[in-house]
Amino acid sequence: MAKYLIEGGSRLHGEIRVKGAKNLALKIIPAALLSTETITITNLPDIEDVRQTLAILADLGASIERDGETCRIRIEKIKKSHLAEQAHKLRASIVFTGPLLARTGEAYFPHPGGCVIGAGTRPIDLFLEGFRTLGIEVNEESGLYHLKADKVRGGEYFFTTISVTGTETLMMTAVLASGRTTLKNCAVEPEIKALADYLNSQGAKIKGAGTPTIEIDGVEKISGGKFEIIPDRIETGTFAIMAAATGSELTISGCNPSHIEILLCIFKKIGVKFERGDDWLKIFAGGKVRPYNIKTHEYPGFPTDLQSPFTVLATQADGISIIHETIYDRRLLFTDMLAQMGADIIMCDPHRVVVNGPTKLAGKRLTSPDLRAGIAMIIAGLIAEGTTEIDNIYQIDRGYEKIDERLRAIGAKIQRVDG
Ligand code: EPU
């Protein structure tokens, strides 16, 4: 199994460019199913989750040409209505179901997997309820879900829990439906608006994406076109936190700082100095960082996907921070590994830890339980004295492109060892 070896104690310097947003790439690829024409996607990150998502699409009959960060997809005829086996491993595979059903009248899919960060297998009750309100029959047969509808019809659905992929999936299911669909209490992440803007430019009639109420008037056809993936706001925030935690001066380019407004507001309060432009962010090497209590929240609140890196930063702050993870109940379990490295962390319950900083960290052998905990461990390894070894780096490769090469280029001592 491959692992990362990190020699801690080096300051980072220079510039790192942010890649395209993983959590948009994983939605725009299934969106290709909505059209028989070619879609050209640019700024596509070369990460494991994207490779798996493209493999699911290829299995459905798509022809895919990939050249660096550009990918051309065409799916004139869909071969089947079953999602391939790997859908089971990827949470975002559920996004395929709406477009697949809209084109073929049915969809078979396994319970989608992904990072083990929420209760048991992460639930899909909202998707199933939403499908039913659009006139879709939902059954479970031999361990697979089966969706069926000769024609999807417009309806109204209120999300009792705000869901990112739920919003995206129902929005895409409704695009080719008959009549109007109204979705209420939707997620408002920038990736959702970007997806809707693209679909609108190709003939869809979606109003309100990026606000809690989205109205979709069904259309007959979606054309092909060009789509540039927006910068990954979680990578942006992760690199910013990495610079702050390691006391480094770092320029983060090709990003959109307005998508991490909350983190930058917190930086001002805790003494992390930065400058920002429209598409860059520069973090300055500073003195002591003050503690801060965070509570994860749907966008534009503090993203759960930045909670793990921020918790590492809190180990270096001067005082007590309370980290309250409201979205997932397993995302704080990795803090046990930070404690093994020397951090002073008390877990109050699955949703809250108290971090008492600053503490020196010492290199240890760790296993990455999920993508964001994995990158947090890399940050901890960069701060720690000695060598940190991180196993199960498949989890990190799922979402961060060539992270070792990119971090080495800014001065980190990190090696990938393939075993
Ligand atoms: N939920 C339900 N029932 C459902 C769907 C969701 O109870 O049917 C609950 C979840 O268990 C969770 C909450 O609703 O407690 C919010 O989950 P959401 O559906 O918004 O999460 P998601 O769409 O599965 C996306 C990102 C996650 C990110 C969350 C929250 C993708 C592919 N994934 O997940 O990203 O943490 O939104 O912002 O877009 C990551 O990139 O590491 C990652 C996990």
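Author: Leaving aside neighbours within four places in sequence, S81 is in contact with L100, T104, E106, A107 and Y108. The model in which this is seen is a predicted one.

Reader: What makes L100 and the others count as being in contact with S81?

Author: Contact requires heavy atoms within 4.5 Å. L100, T104, E106, A107 and Y108 meet that condition with S81.

Reader: In which loop is S81 found?

Author: S81 belongs to the loop that runs between β5 (70-74) and α3 (97-104).

Reader: Why is S81 called buried?

Author: The relative accessible area of S81 is 12%, and buried means under 20%. S81 is therefore buried.

Reader: What makes the pair S81 and T104 a polar contact?

Author: The side chains of S81 and T104 are joined at 3.3 Å. The limit for such a pair of N or O atoms is within 3.5 Å, with one atom able to donate a hydrogen and the other to accept it. The pair is therefore a polar contact.

Reader: How do you know whether C186 is buried or exposed?

Author: C186 has a relative accessible area of 3%. The cut-off for buried is under 20%, so C186 is buried. C186 lies in the loop between β10 (180-184) and α6 (190-201).

Reader: Which residues is C186 in contact with, leaving aside its neighbours within four places in sequence?

Author: They are F159, I162, T167, T211, P212 and I214. As for A92, its C-alpha is 17 Å from that of C186, and the two residues are 94 apart in sequence.

Reader: Let us turn to the ligand. Which of the residues around the ligand come nearest?

Author: There are 24 residues around the ligand, and D125, S163, T165, D305 and R372 come nearest.

Reader: How do you know that D305 has a polar side-chain atom by the ligand?

Author: An N or O atom in the side chain of D305 is 2.7 Å from an oxygen atom of the ligand. The cut-off for a polar contact is within 3.5 Å, so this pair falls inside it. For R91, a polar side-chain atom lies 2.9 Å from a ligand oxygen atom, and for R331 the value is 3.1 Å.

Reader: How much of the ligand does the protein bury?

Author: The ligand taken alone exposes 820 Å², and the protein buries 89% of that area.

Reader: What classes of residue make up the shell around the ligand?

Author: The shell has 11 nonpolar, five polar and eight charged residues. Domain 1 (3-19 + 231-417) and domain 2 (22-228) each supply at least three residues to the shell.

Technical notes:
Residues are numbered from 1 along each chain as its sequence is written. This is a predicted model: local features need pLDDT of at least 70, side-chain atom pairs count only at pLDDT 80 or more; totals for chains, interfaces and linings use all residues. Side-chain values use heavy atoms; hydrogens and water are left out. A residue is near a molecule or strand if one of its heavy atoms lies within 4 Å of it. Accessible areas come from the Shrake-Rupley method with a 1.4 Å probe; for residues, only the protein chains shown count as cover. Ala, Val, Leu, Ile, Met, Phe, Trp, Tyr, Cys and Pro count as nonpolar, Asp, Glu, Lys and Arg as charged, and the others, Gly among them, as polar. Domain bounds come from an automatic or database domain assignment. Helices (H or I, at least four residues) and strands (E, at least two) are DSSP runs, numbered from the N terminus. Buried means under 20% relative accessible area, exposed over 50%, partly exposed in between (1.4 Å probe, protein chains only).
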